Amino acid sequence: MDQILVDITLILDSTVRLAVPLILASLAGLYSERSGIIDIGLEGKLLAGAFAAAAMSAVTGSAWLGLLAGIGAALVFSGIHGLASINFKGNQTISGVALNFLAAGLTTFLGQSWFRRGGYTPQLSGDQRFNPITLPFAEELRDVPVLGQIYGELISGHNIITYVAFIAVPVTAWVLFRSRFGLRLRAVGENPKAIDTAGISVTRLRYQALIITAVLVGIGGAYLSIAQSAGFNNNMSAGRGYIALAALIFAKWRPGPALLVCLMFGFLDAVQFRIQGQVFPIIGEVPVQAIQALPYILTVVLLAGFIGRAVAPKAIGVPYTKER
Amino acid sequence: MTPLPRWADVVLLPFLNVALAFLIGGLIVLSVGQNPLQAVGIMLYGAFGYGSGFGYTLYYTTDFIFAGLAVSLAYHAGLFNIGPEGQAYVGGLGVILIGLALNGMHWALVFPLMIVCGALFGAAWAFVPGYLQAKRGSHVVITTIMFNFIAVSMMGYIISRILKPEGVNSDESAPLDAITRVPQLRSFIELFKNSPVNLTFFLAIGALFLVYWLIWRTKFGYKVRAVGNNPVAARYAGISTQKTIMVIMALAGAFAAMVAVNNVGGVQGRLILNFVNGAGFVGIAVAFMGKGHPIGVGLSALLFGMLYQGGQELAFQMPGITREMIVTIQALVILFTGAMGDMMRGPLSRMFFQPDAPAGDK
């Protein structure tokens, strides 16, 4: 019985670890898309953030400076995206795709030029990373049955970014649905004309959203390279930006459901290697590839409207033109 | 804003956008302390300076033409197809299945069948996002991205669990016999020594003409352009937008699948994991740079073929530069020709029309 409990806690623990970058990127995308700007470029920002964080941390020895650099890189990318989609009224999807390639190309290129390790940054250790935090009483409660296990393993013992990610969810929900900024944000994504008529700058509001997006996804990138791993390697975001986007669509652009979907995708990620080669009753052996593809398949099915309907913010993807 | 003269719109503006992309690329190279002009010299030599280098350039060009056409075709109907990568990958399944079924037969028989079979698989893979866009309103951008990932998982499973023969360690299908493979040009032309360029190259050139004819000379092409320019007007004129979207997406997938004929049928002679290797994504840059026109696509594909082959050479000669610099250039080209294509339109049109209308006149 105890063994099962340990197993479950371990799986849930890695679920949390794997879900963190998804949660941060998903919430990031939420701000951008709620403001009416499609964010295909989450993947690129995540990757750029991861690289900048690891590079800065390797050079300065400080994880906090690394985090700042990660956010900075994401801000630059968001800035380009804003320039293309707000100022030049360009195609937001194409801009996002371009940014993803830009990140893939630049991180490897600069990594090789700066560190000469085939795209890897130097190994990070000690203060160069965000290390696990043991919450108070985790040790004392260890002997309490069930609860001690859950508190000690599942809740305590994560790095600070993990806690930030989980706190960001209710904060986002509050900002979006309870604050004045949130009301305007939702309005500008649905009907920018109304916002403009009310005397609020659409451009300013959308840039504000892009800044929040960059901060969150930059933190997510930093998590990948200086919290979860000890350094950057080529293409380490590995499609997580797209999964986060899928989660966002799946959650119908709402923060609470986004958390649940990210946890679900994280869980799929956590169990995929455990179930390899195992035979289940009725369905038999499940190939690991099927689990890997599941988030994408589910998103397609949802988008097709077979399980509920995902309706995007109305003005998404349309550049706002004040007058014709 | 006054419209630009046609030549400026068709030639000058794209040229300036591409030039800007390369300029920024050059600045990035400069910023890490390397000489961009020297890099360009090495790339040009690597791409055109000797026989097998030139052959490789044409091999890459072949891939990029097909991928570029796959993006362009859909874009004429107003759809952004990000899926050529996955469509080509799945097309590879069609190519290898027919190849293995007829293994040992002469290529002259198998080559056309590879084209048909690959095209069918690629078309089927692209049809689904097309169908979902047309009938269910799911955005084709998101679905094609998802389908790229689904293709990776599905093909990974098929290659490693089904096609892999007993006793082979690496994840790949059984090989095709030499006689069944699409012949490489080096067997006719001495010049191309060790390069993989094969008959598929001529197929790519043919495809450029075919697309020109299809889009600008047929009724179907007219429908496609009508749907792309104004779907509401097209529907009013009695054109079925749904049908057009589904057919053009399937066609795009069929063209993307020709990348598989080039690689699976001609170069590898077997189905290996991830053989597309980004060629499908290069198609996005090629299509935007070439403005969806076959002449533009052909030239852009050649430019990217040169960059990819030359970039290989570059990585040997200048250790401070990796081949990924090309991906950066690719990104900048997409950004400036695709997303910010009209950035310079304003200043340009002011430049054109200022001398005619001095400020004092009005």
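Biologist: What percentage of the residues of chain A count as buried?
Modeller: Of its 324 residues, 49% count as buried. A residue is buried if 20 or more other C-beta atoms, placed from the backbone, lie within 10 Å of its own. One caution: this is a predicted model, where local features need pLDDT of at least 70, side-chain atom pairs count only at pLDDT 80 or more, and totals for chains, interfaces and linings use all residues. Residues are numbered from 1 along each chain as its sequence is written, and chains are lettered from A and ligands numbered from 1 in the order in which they are written.
Biologist: How many helices and strands are in chain A?
Modeller: Chain A has 12 helices and two strands. These are DSSP runs, numbered from the N terminus: helices are H or I with at least four residues, strands are E with at least two.
Biologist: And what does chain A span along its principal axes?
Modeller: The C-alpha trace spans about 70 × 50 × 40 Å.
Biologist: New topic. How many residues of chain B are in contact with chain A?
Modeller: 36 residues of chain B are in contact with 35 of chain A. Contact means C-beta atoms, placed from the backbone, within 7 Å.
Biologist: Which helices of chain B each supply at least two residues there?
Modeller: Helix H5 (107–136), helix H6 (140–163), helix H11 (279–289) and helix H13 (324–339) of chain B.
Biologist: Which gives the most?
Modeller: H6(B), with 12 residues on the side of chain B that touches chain A.

Technical notes: Two residues are in contact if their C-beta atoms, placed from the backbone, lie within 7 Å. A residue is buried if 20 or more other C-beta atoms lie within 10 Å of its own, exposed if 12 or fewer, and partly exposed in between; C-beta atoms are placed from the backbone.
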